[in-house]
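Here are my notes on the model you sent.

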Amino acid sequence: MASISRRKFLIATGWVAAGVTGVYALGKHAVAVAPTIIFPDETSGAAWVQIRPGGVCHMFFPRVDMGQNANTGLAQIVAEELNIDVEDIQGVRPSTKDVPPLAVTAGSMSLTAFSRPLAIAAATLREGLRDRAAAKLGEPVAAVLDDVGGFQTSDLRKVSYADLVDDTGFVIEREVDQAVPALYAFDSARQKTQVGHPKSPLGIRDLVTGGRVYTADVPMEGVVYGRAVQPPVRNARIASLDTSGVSKIRGVVTLVEEGDFVGVVCTTPSAVDKAIAQIQVTWDLQQPINEEEIRRLVDVDAKMAAGDLEHILQDKAHRRNADWSVDLRFDVQVQTHAAQEPRAAIARFNDAGADHRLEIWTGTQDPFGMQRFASMDTGLSESDVVIYPQRLGGGFGGREHYEVERDAVRLARAVGRPVKVQWTRADEFMASRSRPASAHRIRIASDDQGNLTDWWYGYVTGHVVFARERLPGWLLPVARLSDDSGVVKGAIAPYQAPHQRVECEDVDLPIDLGVWRSLNGASAIFAIESAMDELAVLQGKEPVAFKIAQMQGEQPRLAHCLASVHRLSAKRRLPEAAGYGRGFACGIYDGRCFVAVSADVFVDEVNQQINVLHLCCAQDAGMAVNPDQLRAQIESNLVWSIGMALLERFEVADNTIQSSNFDNYTIPRMRNMPTLDIEIIDQPSLPPTGAGEVALVAGPPAIANAIRDASGFRALSLPIRFADI
Amino acid sequence: MKVKVNEVEHHVAADWHEETLLTVLREHLGLAGTKFSCGIGQCGACVVHVDGSPLNSCLISVADVENKDVLTIEGLAGGDGSLHPLQQAWIDENVPQCGFCQSGQIMQALALIGDTPDPTDADIDRAMSGNLCRCGTYDRIRKSIKKAALVMRSTS
């Protein structure tokens, strides 16, 4: 793209006063692939950070806020480069018209993928302004030194950013082949003022004072209320429909029936509840929905007995008939997101001649995906659709799909007024795309010193990234020939053996599936870490030293985490009495994030319950940009570990979803909380690797291993109930 | 119908008399800080105080609070914008992740400290276990309650 058009873009966004620009493409997708995957390159940050007249740094937050507070960390990086305080950055959540397309916020990738492009943009801006400061001061550039919010000379003549940026607006160019300026944020020798410091999440005041930050809080003139009936599974078709009772309800504006879509629009929320209750639907299903069917479909032993699994992930001198020391089958149940905010969306159609024919307010992990899907759904061009992303009341992988948005769009189109759709909690469960059930067979053989000789791990799970309707129908069978990147997460163990084979198969399950925190990582690593712990127990070895030995020096960062958590756990004495136990586990999320967890549990025979008393975690996430928020993500993952290990089970039966609210899908509460001890292994010279879904891979097996230590019971199925013991 | 929320009297139009208190607060009176999450009193996101007692506003009709005093999260800070000690403690400890449950958590914690000025861990477990936080900020909520309670004891 020529520089002139780049300039034009910045001006057209209504944003430019001063800006940095490299080359970035306003790309359209060749095929409509969901979710939006366009990761930034070294020049992308130009569109997100600028200094405006008055010297204020404005920043378009390139990530969706859903509790991970990644934008705060990214703003710290910008602030470090510009020698300002993160609190002085004016952050703006961009709509789809403000910035070039952004990737879906997912995969614990925000700091990993976005920190460097932002640092380059901010540093380019700083150096461009330094040139102007030099001209203004009549000094060579080398004599213009950094100062807070600007520059100074050695004799303390000062020029602030405000002095350098006026109303005319200009663009600081950096050609792509030009050297990247010095990046302060990534200079491990540098004394930093922003990066590495525990800054409060930007916008935190709104969150404790009742500010309007979520979709359903957005005020809208003339809004009416709507909702559609959610099918138990997306590919269900309406078999019979009776809407005759709807007209009896006061406040109904309209009933909308389009194929398998049926919904209502009313003047008040309670009228919506009453009208929806009057709609009687039965569904035609393509597969029966019940637990026996799910168990049958993921039966790893049946599949492995029939031959190789579909995807061979590791194959090194495999032996089918070793003398197995451990030969265990693990089953992991379906779990769902259960974010605290049930999804909501507001859609408004505007008359021809308006800037945008369709506007949508929604809390989504993928705003540009929503723009694309709304365009396909309505026949409007993408440029006629604008998405205003709102803060999410929790994401966890569950908010990547055009669903509540679709409901709002179709209902708003039908009534010609803005429509707010607020899903009920039951809708939220019904429409959830859950983490699939999976079954895992692990066989390990060892020599007479106890070292691993053979490792054979096979597992079967529902699809994750290639789940139904996550890709266009024509693309799905093609895509599924290759490895599903969600299904393979966590599959390769950190342990070394001369003979190793890992194989897996992903299958269609009768419920809707998708991305859940850590994808398959937590399931696979539960199986791997349980099996290794069992081997250590059988050999009478201390599990931490045993596991580190079996890594054979290949995983120093993981070994360091495990040794650290061992030390942390030893700070607290485990009671000698019966029923107490301690367990350890470690894991690598996505090949880049390293974590270890220890758990102390009490198996309480009197009250017939399993209590997690204390959890320790040591995590190496590379450079800790914001240690406090990194710690917050670890805390969150540890709480989820308790849910996954002991509480959460997504119930299906009788051809529908039975889990409908928090009384029949149990998530951790305050009374379930153990004490926590967390150590962050800071690696200032290594790039940040992400934290959003990391510790969850090690927490559940640590709890399971602690139960083994406490009671002798090896958990082969999650969640673990006291009755199992 | 008139309802008094945060010391201000509001008129509730006839079309809204059959709604829950939560719906009226959010959709009719423009007080969106109180959240809808479960709708059956299982999660505590919608906790407000009615005549000083914490209630799930998703479970009660607006008609039930006629002539009563309702306090919501919006009424907690001082008129000059000064934060309540609980809100300040929540910021000091960086409690919120997604933040969605936090209005309800703070309103529930307010009731706890009102009854129990120096709450123990067991008091906190008992009082706060009806308030879900899917992000798992419980450890920080516990710390913040203790911190705010200390501030409130020392200033009262």
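1. Start with the lining of the second largest cavity. Its residues divide into 10 nonpolar, 3 polar and 3 charged. This is a predicted model, so please keep that in mind throughout. The volume of this second largest cavity is about 120 Å³. It is lined by 16 residues. Closest to its centre are V64(A), P94(A), L102(A), P367(A) and P389(A).

2. Next, the largest cavity. About 570 Å³ of space lies in it. The lining counts 38 residues. Nearest the centre lie Q68(A), S108(A), Q633(A), A691(A) and G692(A). Three elements of chain A give two or more residues to this lining: α2 (70–82), α3 (110–137) and α16 (627–647). Which element gives the most to the lining of the largest cavity? It is α16(A), with 4 residues. By class, the lining of the largest cavity has 16 nonpolar, 19 polar and 3 charged residues. As for the count of cavities of 30 Å³ or more, it comes to 9.

3. Now turn to the largest pocket. It holds about 870 Å³ of space. Its lining is made of 38 residues. Those closest to the centre are R227(A), D273(A), Q422(A), T424(A) and F36(B).

4. Several elements build the lining of the largest pocket. From chain A, β9 (224–228), α6 (269–277), β19 (419–422), α11 (425–430) and β27 (656–657) each supply at least two residues. From chain B, α1 (21–28) also supplies at least two. The most comes from α6(A), which gives 5 residues. By class, the lining of this pocket has 17 nonpolar, 12 polar and 9 charged residues.

5. Then look at where the chains meet. In chain B, 51 residues are in contact with 63 residues of chain A. The area buried between the two chains is about 4500 Å². Carbon and sulfur atoms give 51% of that area. Three residues deserve a look: Q97(B), R134(B) and Y138(B). Together they supply 19% of the area that chain B buries against chain A, more than any other three residues.

6. The interface also has polar links. Between chain B and chain A there are 36 residue pairs in polar contact, counting pairs with both residues at pLDDT 80 or more. On the chain B side, α1, α2 (85–92), α3 (102–115), α4 (121–128) and α5 (138–155) each supply at least two residues that touch chain A. The largest share, 5 residues, comes from α5(B). By class, this side of chain B has 23 nonpolar, 16 polar and 12 charged residues.

7. How many salt bridges lie between chain B and chain A? The count is 8. One to find in the viewer joins R140(B) to E635(A). The closest N and O atoms of that pair are 2.9 Å apart.

8. Finally, the salt bridges over all chains. The structure holds 68 of them. One of interest is formed by the side chains of E403(A) and R343(A), at 3.9 Å from N to O. This pair links distant parts of the chain, 60 residues apart. E403(A) sits in the loop between β18 (385–389) and α10 (404–415) of chain A. R343(A) sits in the loop between β15 (326–332) and β16 (344–349) of chain A.

Technical notes: Residues are numbered from 1 along each chain as its sequence is written. Chains are lettered from A and ligands numbered from 1 in the order in which they are written. This is a predicted model: local features need pLDDT of at least 70, side-chain atom pairs count only at pLDDT 80 or more; totals for chains, interfaces and linings use all residues. Side-chain values use heavy atoms; hydrogens and water are left out. On a 1 Å grid over the protein atoms alone, a cavity is a set of points where a 1.4 Å probe fits but cannot get out, and a pocket is an open set with protein on both sides within 12 Å along at least five of seven lines; lining residues have an atom within 4 Å of a point. Grid points are joined across faces, edges and corners, and a volume is the space filled by probe spheres set on the points. Ala, Val, Leu, Ile, Met, Phe, Trp, Tyr, Cys and Pro count as nonpolar, Asp, Glu, Lys and Arg as charged, and the others, Gly among them, as polar. Contact means heavy atoms within 4.5 Å. Buried area is the accessible area (1.4 Å probe) that two parts lose on being put together, summed over both. A salt bridge is a side-chain nitrogen of Lys or Arg within 4 Å of a carboxyl oxygen of Asp or Glu. A polar contact is a pair of N or O atoms within 3.5 Å; within protein, one must be able to donate a hydrogen and the other to accept it, and residues adjacent in sequence count only if both atoms are side-chain atoms.
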